[in-house]
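Subject: Structure for your review

Dear colleague,

Please find below the structure that I am handing over to you.

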Amino acid sequence: MPLRAKVASSVSRTAAALSRAAGRGDGSVIGGWIGLKIDPDLLAHLAAGRAIALVSGTNGKTTTTRLAAAAVGVLGRVATNSFGANMPTGHTSALAKAGSTPYAVLEVDEHYLAQVLEATEPHVVALLNLSRDQLDRAKEVAMMAQLWRAALVRHPDVRVVANADDPMVVWAASPPPSHDHRANPPHVTWFSAGQRWHDDSWVCPECGSTIQRSGEQWWCTGCPLRRPQPQWTVEDDGVLDPTGAWHKVALQLPGKVNLGNAATALAVAAEFGVRPVDAVSRLASVTSVAGRYAQVEKEGRLIRLLLAKNPASWLEAFDMADQAPTLLSINARDPDGLDTSWLFDVDFAPLRGRQLLITGDRAYDLAVRLDVNEVAFQHVRTFAEAIRAVPPGRLEVIANYTAFQDIRAELDRVN
Ligand SMILES: [Zn+2]
């Protein structure tokens with residue numbers, strides 16, 4: 001590395017360590033920020049010489065990054081931003097902290113994919129899904145797909161691993177028609193990770209016609225855009241690879257959603273030459289991801305924490321939760337987004353018939369939604385009150401960002 005980059009990298013590590021020591025989180029944002037101030041090209045310098053995978057999408061990227069890092073770990077040491085700092089400051093900090101590693105698997109905020117592609121020149125990019133997120137901040141879904149597509153057109157050599165079940169992702173990963181017959185189409189490997197949430201992909205991003213669905217198939221009624229045949233699919237409790245071999249996947253993470261994430265991770269690792277048979281056992285080493293899926297026992301209740309931050313991830317949380325008493329907690333602080341009207345986009349009917357508790361700053365917004373949805377519930381003011389209100393056994397907790405952090409903090413206090 002050039003001297004300036006070496007100095008910047010060293011200062012970045014020190015700043016992150018100081019911030020950690022001061023109890024201000026993991027320090028990756030401040031460390032990366034200072035490093036990039038000293039050398040604006042620091043991320044590119046740190047990325048050079050590593051084989052890199054980027055993982056992006058609205059949901060599942062933290063978990064998939066963890067699983068992919070475990071799978072690529074078959075080959076050697078892997079740098080990764082495991083705590084969800086998924087913007088260039090976080091990537092810079094993660095690579096500086098890891099020192100020299102042959103591989104890196106980085107989670108990338110979908111808005112920063114073009115910039116991070118440019119800086120890191122990855123070997124492979126995994127595109128998971130695109131759906132509506134924080135209403136007061138995020139871009140329109142079709143606009144995000146357009147940005148991804150333009151970024152991939154500028155990097156025709158990157159290998160793409162993409163979700164065949166999401167029309168927006170398929171369109172972003174498919175090059176626009178080229179009149180230059182010498183231009184190579186990008187190398188795309190399709191996986192099937194499912195798509196529970198369809199409300200952001202009824203309209204074709206290519207031609208504006210309606211998208212129709214039947215079973216797992218989807219197609220545009222006005223142009224050739226349709227579901228490509230996936231090479232990696234989930235079958236029963238395992239994953240089918242492109243050769244047709246089936247691998248049992250024993251995960252510590254719940255739900256079919258995470259089997260899809262495992263299929264994606266194996267597909268990413270395969271782009272580095274990792275055989276699924278060698279990687280699959282390593283996926284079971286991932287237990288909780290930044291506190292998500294963590295299980296804590298308290299007063300005879302086995303409490304499991306699920307994060308749900310936008311409509312699509314609420315549907316995924318319903319898929320993961322057992323049929324057991326469930327606490328929902330909703331805040332609307334800055335990291336959550338201030339607008340809670342998205343609650344009306346979610347169908348809470350799957351929760352009917354179980355004991356349902358609600359809490360959080362915006363519990364009353366949730367109460368109105370559940371009432372309209374004809375789902376019975378009980379309001380509790382605190383987490384402790386929720387624990388007392390349910391019988392011993394499983395308690396599922398589904399919460400959005402800061403509500404999730406509040407409950408984690410409360411559990412840390414009592415344990
Ligand atoms: Zn179309």
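How closely do the axes of helix 1 and helix 2 come, and at roughly what angle do they cross? The axes of helix 1, residues 3-21, and helix 2, residues 28-38, come within 7 Å and cross at roughly 155 degrees. Because angles over 145 degrees count as roughly antiparallel, helix 1 is roughly antiparallel to helix 2. Their crossing is right-handed. On the side of helix 1, the contact is made by R4, A8, V11, S12, A15, A16 and S19, and on the side of helix 2 by I30, G31, G32, I34, G35 and I38. Sorted by class, this contact has seven nonpolar, five polar and one charged residues. Please bear in mind throughout that this is a predicted model.

Helix 1 also meets helix 5, which spans residues 88-98. Here the axes come within 9 Å and cross at roughly 100 degrees. Since angles of 65 to 115 degrees count as roughly perpendicular, helix 1 and helix 5 are roughly perpendicular to each other. The residues that meet are S9, S12, R13, A16 and R20 in helix 1 and S93, A96 and K97 in helix 5. By class, the contact of helix 1 with helix 5 has two nonpolar, three polar and three charged residues.

A further pair is formed by helix 9, residues 255-270, and helix 11, residues 311-320, whose axes come within 6 Å and cross at roughly 110 degrees. Helix 9 is therefore roughly perpendicular to helix 11. G255, K256, V257 and N258 of helix 9 make the contact with E316, D319 and M320 of helix 11. These residues divide into two nonpolar, two polar and three charged.

Lastly, I turn to the metal site. Which residues are the protein donors of the zinc ion? They are C204, C207, C220 and C223, each through its SG atom, lying 2.2 to 2.4 Å from the zinc ion. The angles among the four donor atoms are 97 to 115 degrees, and the site is tetrahedral. Along the sequence, the donor residues follow the spacing C-x2-C-x12-C-x2-C.

Yours sincerely

Technical notes
Residues are numbered from 1 along each chain as its sequence is written. This is a predicted model: local features need pLDDT of at least 70, side-chain atom pairs count only at pLDDT 80 or more; totals for chains, interfaces and linings use all residues. Side-chain values use heavy atoms; hydrogens and water are left out. Axes are lines fitted to C-alpha atoms, for helices over the stretch in contact, and angles run from 0 to 180 degrees between N-to-C directions. Helices (H or I, at least four residues) and strands (E, at least two) are DSSP runs, numbered from the N terminus. Angles under 35 degrees count as roughly parallel, over 145 as roughly antiparallel, 65 to 115 as roughly perpendicular and the rest as oblique. A crossing is left-handed if the near helix is turned anticlockwise from the far one by less than a right angle, and right-handed if clockwise. Contact means heavy atoms within 4.5 Å. Ala, Val, Leu, Ile, Met, Phe, Trp, Tyr, Cys and Pro count as nonpolar, Asp, Glu, Lys and Arg as charged, and the others, Gly among them, as polar. Donors are N, O and S atoms within 2.8 Å of the metal (3.2 Å for Na, K and Ca); water is not among the atoms, so sites may look incomplete. Four donors count as tetrahedral if all angles lie between 85 and 135 degrees; four count as square planar and six as octahedral if opposite donors are over 155 degrees apart and all others between 65 and 115; anything else is irregular.
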